[in-house]
Amino acid sequence: MERTTRQRTAIRDAIANAGRPLSPQEVLDAARADVEALGMATVYRNLKLLLEDQSISLVQLPGEGPRYEMSGHAHHHHFQCTCCQRVFDVERCPGDLAQLAPPGFSVDSHEITLYGRCADCKEPQRGKKRPATAATAAGHKAGATQCQHKHR
């Protein structure tokens, strides 16, 4: 059994506190609040250990790198913001999609990913200013070109 380290605790807490799937870079950024000298190699090593002990689960979206969330979620899907690239949990599921399969086929499972703009990136309504948040500034990818609005 692996001993619990300050780094592992910071990484696990970063994922638990996020409330959404995080990329390794997002894990690193959040965990550095507790362990400033944390490096990416340490993050990857600990993500592997947390996956092995089933504390966290892998979230794999088409065409994207891995993301991680706490284990224990009931069946759910994901929403990816096309502006900031962050991923969020979608707790609702349309249910049995067997009727969508070709005749004679059987459906064993399904994955659904919704794409659009998150609440932080959604264009502000006329006359209303969108409040600046720390999550807005920290969660946006450097150089994201799909957003047309200014990030605060």
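Tutor: The accessible surface of the protein chain is about 9,900 Å², and carbon and sulfur atoms account for 52% of that (Shrake-Rupley method, 1.4 Å probe; for residues, only the protein chains shown count as cover). The model is predicted: local features need pLDDT of at least 70, side-chain atom pairs count only at pLDDT 80 or more, and totals for chains, interfaces and linings use all residues. Residues are numbered from 1 along each chain as its sequence is written, and side-chain values use heavy atoms, with hydrogens and water left out.

Of the 152 residues in the protein chain, 37% are buried (under 20% relative accessible area; exposed is over 50%, partly exposed in between; 1.4 Å probe, protein chains only). The structure holds four salt bridges, each defined as a side-chain nitrogen of Lys or Arg within 4 Å of a carboxyl oxygen of Asp or Glu.

Glu26 takes part in a salt bridge with Arg20, at 2.9 Å from N to O; Glu26 and Arg20 are both buried. The side chain of Glu26 also meets that of Arg67 in a salt bridge, at 3.5 Å from N to O. Because Glu26 lies in helix H2 (residues 24–31) and Arg67 in strand E2 (residues 67–70), this pair ties together parts 41 residues apart in sequence. Helices (H or I, at least four residues) and strands (E, at least two) are DSSP runs, numbered from the N terminus.

Arg67 forms a salt bridge with Glu64 too, with 3.4 Å between the closest N and O atoms. Arg67 is buried, at 5% relative accessible area, whereas Glu64 is partly exposed, at 23%.
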